[in-house]
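Good morning. I have one structure to show, and I will go through its inside part by part. Please have a look at it first.

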Amino acid sequence: MNFTDFKARADDDGKRLDRVLKKILGDGGMSVHALLRKKLIRVNGEKAEHSMRLSDGDTVQIASFLLEGRSAHEDGAEIPGVGDWRTGSVQGTAGLDTVFRNGHLWVINKKSGMRVQEDIAPLVRDLSPVENRSLSFTPAPLHRTDRLTSGLLVCSQSARGAEWFSHLLREDSRARTDEYEADVPSGGIKKFYLAVAEGSISDSLTLENLIQTDDAPRGGFSTVRVFPASDRNSCGKPARTIIVPLAHGSCGGKELTLIQAQILSGRKHQIRAQCAYHGTPLFGDSAYGSSAGTGGKFLLHASCMTFPENDLGIPERLTAPLPADFLRALISFGIPPEAARLSPC
């Protein structure tokens, strides 16, 4: 019987064998326990228990017929299903505009219209160096952003980078939104967006609400519902957004404001939903009440992100320039593009 070998690396050290095997084989077919019992999967040539902890350098051997239909490569050169990184023939690579990249994180300037999981994740996975992968880790986007939102998107390049970024996001979100009583920590990740909102916003605002995902998606598209922060009957999660007006313009007799929005939590559609709830939907965002005839196209750009001091080589501040269509829209609204540089980030 032929076996295919997969080498465990540093990222796999201490990981349970059954969890690594699920990542390789998926959830279908025979159970991992049965495959181990029948010696169709071995570690270093020996029978292994499902709860075994792998060590750097271990060789996981899987009966080759179990991998049929998967892109398996011997000696762990590539994890099944990630495509062939060596060919370089990946469609749409021009869509990944790099802002910053090192061995831990890859930060891109996402184009509006690109979907994170369907379009970007496969490119990040296939274009990352093979040495960045392991049996238990595959480079991938680390947070969500709407399809029509452009700007900064952070992707992992190492397990250590992924754990660092994800831990900071979790801790920051918990501290910043816990009953709105905790002080905002100064040492976390801060995320800033530029957007065009309807109405004339003259003063800085702090929007505090509860956000709940709508149980009844419309046409396959799921929106969210917004409630007052004081509504104890809501199942929504706390959301806080700081709005700073930067400049004013108009379109078709409708007043518009270029705003900076700093999100202090990471709820779905947070900026879009909160702005609409408070009477200033994003221009063109028909899903949240805008009547502008843009076909649902709105202007929202993740422009700046700041990071705490770290030993991973991540800069303190990263910015993504506005895309050309955003700049053209500002000019058509009578808003000088340089106003975007007034952002305090």
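This is a predicted model: local features need pLDDT of at least 70, side-chain atom pairs count only at pLDDT 80 or more; totals for chains, interfaces and linings use all residues.

First, the core. In general, nonpolar side chains in soluble globular proteins tend to be buried together. In this model, the largest nonpolar core has 35 residues. Which residues have the most contacts inside it? They are Trp 164, Phe 165 and Phe 307. Several elements supply at least two residues each: the strands β5 (105-110), β6 (150-156), β7 (190-198), β11 (254-263) and β12, and the helices α4 (159-177) and α5. Of these, α4 gives the most, with five residues.

Next, the aromatic pairs. The count comes to two. I will describe one of them, Phe 283 with Phe 333. The ring centres are 5.2 Å apart and the planes stand at 75 degrees; over 60 degrees counts as edge-to-face, so that is what this pair is. Where do the two residues lie? Phe 283 is in the loop between α5 (270-277) and β12 (300-306), while Phe 333 is in the segment after α6 (324-332). The pair therefore ties together parts that are 50 residues apart in sequence. Are these residues buried or exposed? Phe 283 is buried, with a relative accessible area of 8%, and Phe 333 is buried with a value of 8% as well. The cut-off for buried is under 20%.

Two arginines sit over rings. Arg 42 lies over the face of Phe 3, and the distance to the ring centre is 3.9 Å. Arg 101 lies over the face of Trp 106, at 3.6 Å from the ring centre.

Now the empty space. Rolling a probe the size of a water molecule over the atoms shows where such space is left. How many cavities of 30 Å³ or more are there? The count is two. The second largest cavity holds about 40 Å³ of space. Its lining includes Ser 112, Leu 148 and Ser 150, and also a run from Lys 297 through Phe 298 and Leu 299 to Leu 300. Pro 323, Asp 325 and Phe 326 line this cavity too. By class, the lining has six nonpolar, two polar and two charged residues.

The second largest pocket has a volume of about 280 Å³. There are 16 residues in its lining, and those nearest its centre are Leu 194, Ser 303, Ala 320, Ala 340 and Arg 341. The elements that give two or more residues to this lining are β12 and β13 (317-319). The largest share, three residues, comes from β12. The lining divides into nine nonpolar, four polar and three charged residues.

Last, two loop residues. Leu 299, one of the residues lining the second largest cavity, is in the loop between α5 and β12. Leu 299 is buried, with a relative accessible area of 9%. Its C-alpha atom is 8.4 Å from that of Asp 285, which is 14 residues away along the chain.

Pro 141 is in the loop between α3 (116-127) and β6. Pro 141 is buried, at 12% relative accessible area. Between Pro 141 and Gln 117, the C-alpha distance is 7.8 Å, with 24 residues of separation in sequence.

That is the end of the tour.

How values were computed:
Residues are numbered from 1 along each chain as its sequence is written. Side-chain values use heavy atoms; hydrogens and water are left out. Rings of Phe, Tyr and Trp (its six-membered ring) pair if their centres lie within 6.5 Å; planes under 30 degrees apart count as stacked, over 60 as edge-to-face and the rest as tilted. Helices (H or I, at least four residues) and strands (E, at least two) are DSSP runs, numbered from the N terminus. Buried means under 20% relative accessible area, exposed over 50%, partly exposed in between (1.4 Å probe, protein chains only). A charge sits over a ring if NZ of Lys or CZ of Arg is within 6 Å of the ring centre and within 35 degrees of the ring normal. On a 1 Å grid over the protein atoms alone, a cavity is a set of points where a 1.4 Å probe fits but cannot get out, and a pocket is an open set with protein on both sides within 12 Å along at least five of seven lines; lining residues have an atom within 4 Å of a point. Grid points are joined across faces, edges and corners, and a volume is the space filled by probe spheres set on the points. Ala, Val, Leu, Ile, Met, Phe, Trp, Tyr, Cys and Pro count as nonpolar, Asp, Glu, Lys and Arg as charged, and the others, Gly among them, as polar. A nonpolar core is a set of buried Ala, Val, Leu, Ile, Met, Phe, Trp, Tyr and Cys residues joined through side-chain atoms within 4.5 Å.
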